[in-house]
Amino acid sequence: MRFASLGSGSKGNATLLETDQSCVLIDCGFTIKETERRMARLGRAPTDLAAILVTHEHSDHIKGVLPLARKYKLPVYCSYGTGEYGQLRLSHHWQNLELGQELDIGGITVTPVAVPHDAREPCQFVFRYQKKTFGLLTDLGSITPFVREHYRRCDALLLECNHDVTMLANGPYPYSLKQRVGGDWGHLNNQQAASLLAEAEVGHLQHVVMAHLSEKNNTPALARAAIEPMLANSDALLSADQEAGFGWLEIA
């Protein structure tokens, strides 16, 4: 199993996960043309996809989903609440995703995990294949016991480190937006992300990717300073980029 990012941040998000049997796209916040371009950079095309999975309906995660599904005739898995976005639930591409219930996509076991975020029915995902586990966890404002339990033991983790608390407080956002981003239904700060790892079995982690970093309220250096002390192997740590994403990472 391996994974890669087409881009991570408020301007668009998309993650690829593949095995020797299947390839899925998690979220698509880019246009069709941009998605095709970014996939080609990773040696893949939309015709390689078995499905699209959607975490929630915010535009940086969903705006390209239905156009891509229509063009390439792909099933789209998301919760009923997320399916209320646009005409998605009315489309024959839509497949209902029951949060907490496992499903199989091309041999990959997918568990949608409910998270606290300011969306209709948001989730994140844990993927299992041949006894290896990949956790994708972004776009949540607080870490619940339920979330901690599902992400306690991963072999690789894509983890939101959206903002530094001080930078957000002193930054350019209006007060209402600062409250939303920093609230329990907003986005994880660096220390919250570190606290998840403090209670996780970090010895299993082959890769930890700091994701969804705010370009105005965080820096890779600040995120790394918070996360690195929590890890058994600091070489496992890297940062996702808005434009470049990151290349394929193999879970051995």
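Predicted model: local features only at pLDDT ≥ 70, side-chain atom pairs only at ≥ 80, totals over all residues.
Local features need pLDDT of at least 70, side-chain atom pairs count only at pLDDT 80 or more, and totals for chains, interfaces and linings use all residues. Residues are numbered from 1 along each chain as its sequence is written, and side-chain values use heavy atoms, with hydrogens and water left out.

User: Which are the edge strands of the open sheet of 7 strands?

Analyst: The order is β6-β5-β4-β3-β2-β1-β14, with mixed pairing; two strands pair if DSSP finds at least two bridges between them. From one strand to the next, the twist averages 25 degrees. An edge strand here pairs on one side only, which holds for β6 (94-96) and β14 (246-250).

User: In which sense do β2 and β3 pair, parallel or antiparallel?

Analyst: Strands of a sheet pair through backbone hydrogen bonds, either parallel or antiparallel. Strand β2 spans residues 14-18 and strand β3 residues 23-26, with 4 bridges between them. E18 stands opposite C23 in β3. The sense of the β2 and β3 pairing is antiparallel.

User: Which strands does helix α3 touch where it packs on the sheet?

Analyst: Helix α1 (residues 32-41) packs on the sheet against β1 (2-7) and β2, its direction making about 140 degrees with that of β1. Contact means heavy atoms within 4.5 Å; axes are lines fitted to C-alpha atoms, for helices over the stretch in contact, and angles run from 0 to 180 degrees between N-to-C directions. Helix α3 (residues 65-72) makes about 170 degrees with the direction of β4. The strands touched by α3 are β3, β4 (51-53) and β5 (76-78).

User: Against which elements do the buried residues of α9 pack?

Analyst: In α9 (residues 220-227), A223, A226 and I227 are buried (buried means under 20% relative accessible area, exposed over 50%, partly exposed in between, with a 1.4 Å probe and protein chains only). These three cover an arc of only 90 degrees, which puts them on the same side of α9; the arc is that of the directions from the helix axis to the C-beta atoms. A221 and A225, on the other side of α9, are exposed. The buried residues of α9 pack against α8 (190-198), β12 (207-211) and β13 (237-239).

User: What is the bridge partner of V208 in β13?

Analyst: Both faces of β12 are covered, with H207, V209 and A211 buried on one side and V208 and M210 on the other. Strand β12 runs parallel to β11, joined by 5 bridges, and L158 has V209 as its bridge partner in β12. Strands β12 and β13 also run parallel, joined by 3 bridges. The partner of V208 in β13 is L237.

User: How many residues apart in sequence are the parts that K132 and D155 tie together?

Analyst: A salt bridge is a side-chain nitrogen of Lys or Arg within 4 Å of a carboxyl oxygen of Asp or Glu, and the whole structure has 17 of them. In the one between K132 and D155, the closest N and O atoms are 4.0 Å apart. K132 is partly exposed at 26% relative accessibility, whereas D155 is buried at 3%. K132 lies in strand β10 (residues 132-137) and D155 in the loop between α5 (145-150) and β11 (156-160), so the parts tied together are apart in sequence by 23 residues.

User: Where does E199, which forms a salt bridge with R148, lie?

Analyst: The closest N and O atoms of E199 and R148 are 3.9 Å apart. E199 is partly exposed, with a relative accessible area of 44%, and R148 is buried, with 17%. R148 belongs to helix α5, and E199 lies in the loop between α8 and β12.

Methods: Helix = DSSP H or I, 4+ residues; strand = E, 2+ residues; numbered from the N terminus.
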